[in-house]
Amino acid sequence: MKNTPAKTAAPRTAFVLAGGGSFGAIQVGMLRALSAHGITADFVVGASVGAINGAYFAGKPTADGVFELEEIWRAMSRRDIFPVTWRSLLGVARGRGYLASSDGMRRLIETHLPYRNLEEAVIPVHVVATNLLSGEIVVFSKGSAVNAILASAAIPAAFAPVEHEDRFLVDGALTSNTPVQVAVDLGAERLIVLPTGFACALERPPHGALASALHAITLLIARQLAHELERVEKVIEVRIAPPLCPLDGSAYDFTQTGSLIERAAAATERWIGEGGLGAYHLPCGLSAHSHRGEANPHDHGFFGADKEQAR
């Protein structure tokens, strides 16, 4: 009797989404390309803006769902997310510890997210926040999706901490960036990481307190991600969609959303076509570097301008 080879089960795959302010539009382009190739996840882990994108994708993990997410992003403005007004500035002058209200973000999530509680998503979603007083990671896997996302995206000084069960919670990026280890601890055997990168082609520092703070956070995120990925056990498959590089503009600016989506979709298509899903490569766009003064900057290919680290 002829023996039939046993089928190998597909590795349990997690999409891991980083923070990055308005650069979260880059993840939408990445998701568009991945969905077009039928690449999906068994569960999603997200922090900060990655929690917003990840939670929406988990509710509609299809190409149509990504298209709807793209339409939401294209209609979004800075005032929707960061409604800084003279009244809010006056509040800071009077001692309030944050610049903007999160009411706009709450309305956006409540209007568009296709479920109320995290456990109701089509595929499991896990949202990462930071305990402001202890620095510990807090992972939400059930309960109010809106409250979990607002906690994960509560950038210090920009938004007030979210109080939950006697804890004060802020942006998940401050502890774990893309929470790679969280995904591994949850049983992921394969990680597909969607980083936003940072503005590496600026000619001068961003203008304004919030723009400068967000730029600093994106730098921190990229360095934390690179460090975190280097520590992942080699038995875990790690695939990293390429962040846009060179990248200018501000993580506080929503006027380039359409361009970011299209560039990211095209870059991810190239990455897939060049075998990006077949091997681990740490994009040079996550390392400390600058393209200041470059003429006609263009998106780097799969291996980038510099040699990437492979394993």
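This briefing walks through the fold, the helix packing and a handful of individual residues. The structure is a predicted model. The chain carries 10 helices and 10 strands, and 52% of its 311 residues count as buried. Among contacts between residues at least 6 apart in sequence, 79% join residues at least 24 apart.

Two packed helices are described by the angle between their axes and the distance between the axes.

- Helix H1 covers residues 25-36 and helix H2 covers residues 49-59; their axes come within 11 Å and cross at roughly 30°.
- That angle makes H1 roughly parallel to H2, because angles under 35 degrees fall into that class.
- The crossing of H1 and H2 is right-handed.
- On the H1 side, the residues in contact are Gln27, Val28, Leu31 and Ser35, and they meet Val49, Gly50, Asn53 and Phe57 of H2.
- Sorted by class, the contact of H1 with H2 has four nonpolar residues, four polar residues and no charged ones.

**A closer look at Gln27**

- Gln27 belongs to helix H1.
- With a relative accessibility of 0%, Gln27 counts as buried, because the cut-off for buried is under 20% relative accessible area.
- The Gln27 side chain reaches the backbone oxygen of Ala18 at 2.8 Å.
- Setting aside neighbours within four places in sequence, Gln27 is in contact with Leu17, Ala18, Val49, Gly50, Asn53, Leu194 and Thr196.
- Val49, Gly50 and Asn53 in that list are also residues of H2 that meet H1.

**Helix H2 against helix H3**

- Helix H3 spans residues 63-74 and packs with H2 at an angle of about 140°, the axes lying 9 Å apart.
- The two helices H2 and H3 are therefore oblique to each other; to count as roughly antiparallel, the angle would have to be over 145 degrees.
- Here too the handedness is worth noting: the crossing of H2 and H3 is right-handed.
- H2 brings Val49, Asn53, Tyr56 and Phe57 to this contact, while H3 brings Gly65, Val66, Glu68, Leu69, Ile72 and Trp73.
- Those residues divide into seven nonpolar, two polar and one charged.
- Val49, Asn53 and Phe57 of H2 take part in the contact with H3, and these three residues also meet H1.

**Helix H7, an enclosed element**

- Helix H7 runs over residues 145-152, and seven of its eight residues are buried, so H7 is largely enclosed by the rest of the structure.
- The buried residues of H7 are Ala145, Val146, Ala148, Ile149, Leu150, Ala151 and Ser152.
- At the start of H7, a side-chain oxygen of Ser144 comes to within 3.2 Å of the backbone nitrogen of Asn147.

**Backbone features to check in the viewer**

- The peptide bond from Cys245 to Pro246 is cis, with omega near 0°.
- Pro246 sits in the loop between strand E8 (237-240) and helix H10 (257-273).
- Ser48 has a phi near 60°, a positive value in a residue other than glycine.
- Ser48 is part of the loop between strand E2 (43-47) and H2, and at 6% relative accessibility Ser48 counts as buried.
- Glu165 is another residue other than glycine with a positive phi, in this case near 50°.
- Glu165 lies in the loop between strand E5 (162-164) and strand E6 (167-171), and with a relative accessible area of 60% Glu165 is exposed.

- Glu230 lies in helix H9, which spans residues 209-230, and is partly exposed, with a relative accessible area of 44%.
- Glu230 and Leu282 are 52 residues apart along the chain, and their C-alpha atoms are separated by 8.8 Å.
- Ser287 is found in the loop between strand E9 (281-282) and strand E10 (309-310).
- At 33% relative accessibility, Ser287 counts as partly exposed.
- The side chain of Ser287 reaches the backbone oxygen of Cys284 at 2.6 Å.

Definitions and conventions:
Residues are numbered from 1 along each chain as its sequence is written. This is a predicted model: local features need pLDDT of at least 70, side-chain atom pairs count only at pLDDT 80 or more; totals for chains, interfaces and linings use all residues. Side-chain values use heavy atoms; hydrogens and water are left out. Axes are lines fitted to C-alpha atoms, for helices over the stretch in contact, and angles run from 0 to 180 degrees between N-to-C directions. Helices (H or I, at least four residues) and strands (E, at least two) are DSSP runs, numbered from the N terminus. Angles under 35 degrees count as roughly parallel, over 145 as roughly antiparallel, 65 to 115 as roughly perpendicular and the rest as oblique. A crossing is left-handed if the near helix is turned anticlockwise from the far one by less than a right angle, and right-handed if clockwise. Contact means heavy atoms within 4.5 Å. Ala, Val, Leu, Ile, Met, Phe, Trp, Tyr, Cys and Pro count as nonpolar, Asp, Glu, Lys and Arg as charged, and the others, Gly among them, as polar. Buried means under 20% relative accessible area, exposed over 50%, partly exposed in between (1.4 Å probe, protein chains only). A polar contact is a pair of N or O atoms within 3.5 Å; within protein, one must be able to donate a hydrogen and the other to accept it, and residues adjacent in sequence count only if both atoms are side-chain atoms.
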